[in-house]
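Open the model in your viewer and keep the sequence panel at hand. We will go from the whole chain to a pair of helices, then to a pocket.

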Amino acid sequence: MGAKGSKTEDPEEGQESTAPAEHPDAAKLYCMKDDKWTLQLATVLPRFTQEEEGDKDIWYMDIDETEEKVSEALRMVMDPEKRSFLFYAPRVSTVCCLKFYTAEGFAKASEQWNTAIMENTYGSEKEQKAILGDNIAWIEGTDSEDVVWELEEPTPPTPSKFRDSNVCHSTGKAQQLAIGGRDNSFLLREDSIDVFRNAENGINDANFSIKLNPVDAASSYHTPTKAILSNCERNMLLLTPDRSSVQRLDLEYQKVVTEFKLLNNGVELSVADITPDCKSAQMEDRATFMGMNPNNLMRFDCRDRNGVVQESPHADASYLTGHAFSGKPNFRCMATTGDGHVVIGAADGRIRLYKDSTLSRAKTSFPGLGSPITAIDCTFDGKWIVATTENYLLVICTVFKNKKGIHANGFTDQMGNSMPAPRMLKISANDIMKTGGAPFEKAQFTWITEAGKQERWITACCGNYNILWNFRYVKTVMRPGGNCPKDHRGMMVCTDYQIEPKQAKVIGSSFMHDNFTTNANALVVATEHDVFNVNEEMDED
């Protein structure tokens with residue numbers, strides 16, 4: 001049974017104490033042990049020092065004998081009213097709280113922290129200006145005047161509870177969950193694919209697997225790193241980046257039938273990720289797909305020049321369009337909207353939006369906050385993006401008013417300085433302790449493939465836990481001018497969520513298609529050895 005995310009309350013709530021005369025900027029240091037605060041030091045002076053690392057000077061926060069690098073990994077939460085720093089200390093694997101005796105001491109340490117994290121992330125003030133330009137207000141949580149923030153009516157319900165049921169258990173190690181919108185869903189393992197029957201509000205074990213073998217006797221087998229359904233879900237494309245190829249698995253014949261070389265003018269292309277052409281592409285009669293590597297964005301076609309899907313064991317995928325970027329953008333992940341527009345996350349945290357017909361130049365580029373984007377998703381209508389980093393999720397609105405005062409979208413029009421500030425989704429310090437500081441992975445929205453419908457949830461993996469945010473609630477509490485907590489930069493943060501514990505690492509969680517849901521939203525969660533159906537328990541009014 002899932003539970004609402006726990007809150008982490010500061011120690012000494014409501015108590016006053018006097019600063020030592022010789023150390024007016026001092027604080028008390030508390031550490032969390034057995035879900036309780038323990039006073040470690042009654043007087044401590046946090047210091048910010050620099051250490052040379054390569055060709056850079058890196059800031060560290062020194063507290064007594066503990067030294068932590070100033071970064072997002074500390075999950076820092078500052079509260080001016082309580083004069084507190086609440087953070088996760090990776091080196092000692094616990095949650096700590098600095099309670100400053102005076103507002104002046106808190107303000108001084110806050111300013112030092114903000115300077116340190118900006119320089120660790122972007123470099124000197126000159127480098128910050130070169131990287132961020134006019135976007136400094138954006139990373140400080142300031143919305144532009146042209147922001148458009150659409151909310152559904154009526155007011156969102158209180159976040160619901162969930163119940164789960166085990167679908168199957170296996171000793172083999174699972175790698176990826178692939179949910180279908182037609183008859184079946186699939187679980188990719190190292191050398192096989194488990195098959196499941198789609199049913200109302202979940203999946204059922206079909207009790208058979210497809211063995212993955214080389215396309216022919218002359219080929220060798222390599223474990224796929226990514227799988228996507230295609231061609232009305234009759235096929236599955238399997239990516240093996242070290243061979244610059246994609247294998248086409250015929251799900252009806254249950255075997256790999258073609259291995260496509262990924263070429264452009266006869267030159268092999270290394271592809272790090274593939275994704276469907278659009279949100280509904282896997283359910284349609286399409287043979288095209290998107291490909292990406294750190295410096296290239298590409299669209300391929302599995303058909304020959306006559307428009308027929310190639311059936312020979314070895315073939316070349318047709319390079320339709322794309323672009324090789326000279327600036328080394330270091331792309332990491334991508335996703336597509338219902339109209340086929342493309343969003344890409346990069347290692348420097350930057351997020352770029354591309355119109356489906358123009359892949360050579362981003363229409364909109366959001367500056368990075370320093371943490372690499374490891375996964376990315378967007379809503380069917382392209383109005384919202386959720387980006388995954390190790391320590392937080394970013395929710396970004398792409399709708400704005402253009403120069404003519406008309407509502408526009410960042411995928412098709414340049415947003416410029418009209419970008420709304422990003423919002424952050426985090427978990428509490430208590431839950432960081434539960435997860436052992438595990439990184440967020442693979443955040444995505446409810447799966448929608450029909451215009452006019454709205455996504456309800458955001459799901460993400462975090463170690464042995466699955467985390468759920470009510471997307472309607474997030475949009476409401478984090479609207480411009482909303483009364484929402486803020487981080488040290490001034491960026492809105494939401495920590496209202498559901499947390500689902502599992503016995504092993506969660507490798508994927510995806511919502512069922514609308515074809516298989518009733519009034520609630522059905523979620524499938526896969527760990528390394530188990531698969532679960534997770535269903536919403538509707539609240540009674």
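The stops below run from the overall view to the details.

**Whole chain.** Start with a cartoon view of this predicted model. The protein chain holds five helices and 41 strands. Its radius of gyration is 24 Å, close to the 24 Å that the globule rule gives for 541 residues, so the chain is as compact as a globular protein of that length.

**Helix pair.** Select residues 103-122, helix α1, and residues 125-132, helix α2. The two pack at an angle of about 65°, and their axes lie 9 Å apart. The crossing of α1 past α2 is left-handed. Now show side chains. From α1, pick M118, E119 and Y122; they meet E127, Q128, I131 and L132 of α2. By class, this contact has four nonpolar, one polar and two charged residues.

**Largest pocket.** The space in the largest pocket is about 1,400 Å³.

Next, colour the strands that each supply at least two residues of its lining:

- β11 (174-178) and β15 (226-230)
- β20 (273-276) and β24 (331-336)
- β28 (375-378) and β34 (440-445)
- β39 (506-511)

Finally, colour the lining of the largest pocket by class: 27 residues are nonpolar, 12 are polar and eight are charged.

Notes. Residues numbered from 1 in each chain as written. Predicted model: local features only at pLDDT ≥ 70, side-chain atom pairs only at ≥ 80, totals over all residues. Heavy atoms only, no water. Axes fitted to C-alpha atoms, helices over the stretch in contact; angles between N-to-C directions. Helix = DSSP H or I, 4+ residues; strand = E, 2+ residues; numbered from the N terminus. Left-handed = near helix turned anticlockwise from the far one by under 90°. Contact = heavy atoms within 4.5 Å. Nonpolar A, V, L, I, M, F, W, Y, C, P; charged D, E, K, R; others polar. 1 Å grid on protein atoms, 1.4 Å probe; cavity = no way out; pocket = protein on both sides within 12 Å on 5 of 7 lines; lining within 4 Å. Points joined across faces, edges and corners; volume = space filled by probe spheres on them. Rg over C-alpha atoms; globule rule 2.2 N^0.38 Å.
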